[in-house]
Amino acid sequence: MNEQDLMKKISDATKDIPIPDSISPENMKRMLEEHASEWNTFENNNTISKDKTSSFNKSNTIGKRNRIIRRFTAAACVVLCLVGGVTAIQLGNNKNRNESTYDMTSGISNEETSDAGAEESTTEKTDPESFKDELVYHTSLQSPSSYDAYYNTLSTAFQEYYNSIATITNDDIAVYESFETDKESLNYKYSENFSIEDSVSSDTRLEPTTNLSTDTAESTSKQFSSTNTQEKNIDEGDIIKTDGTYIYKVISKFNNETGHTDQSLTITETDNGSLKLIATIDLQELVKDKEKEYLNFYEFYLYKNYIVLMYTKRDYSSENNITETNIVIYDIKDRANPKRKKILTQSGYYESSRISDGFLYTVSNFSETNLDTPTPYTNYIPSVNGKTIECSNIYYPRNIMMTTTYVVTSLDLSKPTDFTDTKAIPTNGGQTYVSDSSIYFFTTLYDNVTKTEITKVHYNKGILTPGENAIIAGYLYDSFALNEYNGHLRIVATIPSNNITVLREITPLGGELMLEDSAQQDVEIKEDINVIYILDRDMKLTGKLSGIAPGEQIYSARFMGDIGYFVTFRNVDPLFSVDLSDPTNPTILGQLKIPGFSNYLHFYEDGLLMGLGEEIDEYTSDFLGLKLSMFDISNPSDVKEQDKYIIEDSEFSEAQYNHKSIMIDPQKNIVGFVYCSMDNVTYDYNNYYVTYTYDKEKGFIETAKYPIPETSLSEYNSIRGVYIGDYLYIATNTDLTSYKIGSTEPISKVYFK
Amino acid sequence: MNQEEIIAHVLLAKNGNSDSFCKLYELYYKDMYHFAYYTLGNQQDAEDVISETVLDAFKGIRNLKKPEKFKSWIFQILSTKCKRQIAVYISNREHLKENNETEQLIQDDHPYAEHLDVRKAFSKLNDNEKMIVSLMVFAGYNSRETAKILNSQEGTIRSTKSRALTKMSQYLKEEFA
């Protein structure tokens, strides 16, 4: 059955699904009329009452709309007025609004509110205003004086949000949120992010390696792979880790009887290919009450003699459905008998974490805000370890919206008894990038133009210092689009074509790379463009380069010191190299055009950059297979493709979008990942784990290809490889198999229950 | 309704005419419902997101700059809302429960064997895959447009779609075997 047939089948199969009467056009018309009167009431309340709290409560008495408002509360990051000025102008739409009230509670300055134009001003008008001179905006964070004051601020923001809903919907509404965010959150049924790990010392015989690519362990006889992280020395959690002797993996199995996914953490001892399962921790033991709690495990760390496991616990026994992120620490000094040592909690579901310099930094997303009443405070202020976060640790942006509150904690892993520091930041978040001194949250916001809001939290030995907020035009393809170096944040972003007319700052630089003529600035540009931004420590713009690669989008990026590399794509793949040494003046050094594109870039060894992506026919745009490329970057202004290897039977690979699924160690000269292929005759779908080495003369060489048994098919994103010494270990949700590297003959195998 | 009529109704709706708005809605609401139902796997939530979409769309239609784009515009609002709803599911056990109920529901309501199988196969996809396949089937977007809506890359969309459809045909093959 080909794709077209199947798509038609899906369409046919749905035709006889009954459409509920509640959404019939007649009923919708009735609903619209009903709401029209409520909207009026709401606006009236807004003017009549100067007391925000009481007007807010009054509006809540309208039962049906209240439910919808709550939905919006959850959905609030949909857009909105990102910049104070925009907020004010949009609110100018609301002819009944009371200026002085806004000023008091939202912190929007008079100057901006008085600028608020006539009734008919729209976002269309405001956007060019806000981005007239800069593609970057930044705002500062502030702390509330008391919980009650904070309540008022939130309530006001909530009303502003509601009032501005009318301006949310426009041509471009949907592109507001980064796809990668969703990917992370949507795959919750599968354990995501699997791979291989580092930063483990302990009683094993080996020195801990810091990271694969910088692994300088002398015991070359027994090197082992570690999690493929974005930044050196900053560990990322995963579902598989090894310390050179033991392999740790989280196993997920769907339980048909309960409808839940049962998860366990396994510890397998390895000895030159032989395997022995020595411990299985049933993670269900963390569930206190099966009827009332539900746990989702995400990833874990190995740190000295600890396993640090991150999960979200949802308690739906109480009315408020409390969701919290839990951090459980197991002591594994005795590998066969792991002991639970400590559980720490923070409000909200698990977003992301890193280990840097012995501290665990954890980000959770508290979104169950309920503003019906000013108390209890826990309805809108997150807690850590059961304690409500103090006002002095809450930092909100001037343009606060009813979105989610990010809770950031730090934990000293040398004495993991309580958090070292905690901050709550009500802002838009989504994805996280962590440099060696700062945590950045970023999310795409959708207004009339696509913007990305970036919030910075500086860290040093566990002490967290929220910094500034910046809003840039365009969206980021994922966390690799960001990089901090010498205090400067470098960003590559794509600005969608439908935004460009409102952005006046398209730098005309001439030549093939850039938009050719300044006269074009007023002409509607039909194509996407790409921009490089450099921000300083205070998140203020120091330099930028815009108008890069019109019509293309950024597919991958990697930074090495003063030089940045990124790939854009339409029919061919220009690999750009950029000189970033002058933060005020980034300049393109060169570009290499080849067919296809790379989704992932990795510095392989001196002067070599590896790309993993897809080969696309330059003329027909047909997909020809996954591709490995090796670029010679010894001269960044003259990058050459040294070798290209096309995996012909391949369809796609998790490696294209999850860097942690790649096993890569240039020192060991090994690259491994899983890909999927489809049989052209039978349409059978098969997974293969494949390993490569790179030879300067011969190029990429496939060293082994391992078919992954069909039972693992449904867990295509749970397959990972690690190597220890001369042996390769491939883990799925059902088993772990060992091989001599380069051989496909299995040596030993353990099955997970 | 031809393109000119659609544009005329959009212009009327922009002036607050709910009759015109509902005429436009009538053109697409079945596809919208199928999209929401399949993406969310739950009837009640599908109805809710559609109501919310209608409310938002009606309030926001005055900002719709290209009347001829009404369909993709309203689908974009809907898919945004579905994405949000899915995010709410994430740590929510109810989703799993409801998913199972949905399967049950499908079985009870629909004796057509093959359609049933296709739907069951669809239910095996993860939420992300459902969203992408739904956008392409019900809203008729191509991979490039889908990539735009989801703010993803065409290649990723294509491979996700391909993976999703492969998963489905795999499942169908097993079922029929």
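**Exercise 1.** State how many helices and strands chain A has, and what share of its residues is buried.

*Solution.* In this predicted model, chain A contains 10 helices and 43 strands. Of the 753 residues in chain A, 52% are buried. For contacts in chain A between residues at least 6 apart in sequence, 58% join residues at least 24 apart.

**Exercise 2.** Give the strand order of the open sheet that contains β40 of chain A, and explain which strands stand at its edges.

*Solution.* Step 1: the order of the 4 strands in chain A is β40-β41-β42-β43, with antiparallel pairing. Step 2: β40 (720–724) and β43 (746–751) of chain A each have a single partner strand, so they stand at the edges and one side of each has no neighbour in the sheet. Step 3: on average, neighbouring strands of this sheet are turned by 20° against each other, direction ignored. Step 4: β42 (residues 735–740) of chain A pairs with β43(A) over 5 bridges in the antiparallel sense. A:Asp735 has A:Tyr751 in β43(A) as its bridge partner.

**Exercise 3.** Describe how helices α1 and α2 of chain B pack, and classify the residues of their contact.

*Solution.* Step 1: α1 (residues 3–14) and α2 (residues 18–40) of chain B pack at an angle of about 140°, and their axes are 7 Å apart. Step 2: angles over 145 degrees count as roughly antiparallel; α1(B) and α2(B) are therefore oblique to each other. Step 3: the crossing of α1(B) and α2(B) is left-handed. Step 4: α1(B) contributes B:Ile6, B:His9, B:Val10, B:Leu12 and B:Ala13 to the contact, and α2(B) contributes B:Ser20, B:Phe21, B:Lys23 and B:Leu24. Step 5: the residues of this contact comprise 6 nonpolar, 2 polar and 1 charged.

Notes
Residues are numbered from 1 along each chain as its sequence is written. Chains are lettered from A and ligands numbered from 1 in the order in which they are written. This is a predicted model: local features need pLDDT of at least 70, side-chain atom pairs count only at pLDDT 80 or more; totals for chains, interfaces and linings use all residues. Helices (H or I, at least four residues) and strands (E, at least two) are DSSP runs, numbered from the N terminus. A residue is buried if 20 or more other C-beta atoms lie within 10 Å of its own, exposed if 12 or fewer, and partly exposed in between; C-beta atoms are placed from the backbone. Two residues are in contact if their C-beta atoms, placed from the backbone, lie within 7 Å. Two strands pair if DSSP finds at least two bridges between them. Axes are lines fitted to C-alpha atoms, for helices over the stretch in contact, and angles run from 0 to 180 degrees between N-to-C directions. Angles under 35 degrees count as roughly parallel, over 145 as roughly antiparallel, 65 to 115 as roughly perpendicular and the rest as oblique. A crossing is left-handed if the near helix is turned anticlockwise from the far one by less than a right angle, and right-handed if clockwise. Ala, Val, Leu, Ile, Met, Phe, Trp, Tyr, Cys and Pro count as nonpolar, Asp, Glu, Lys and Arg as charged, and the others, Gly among them, as polar.
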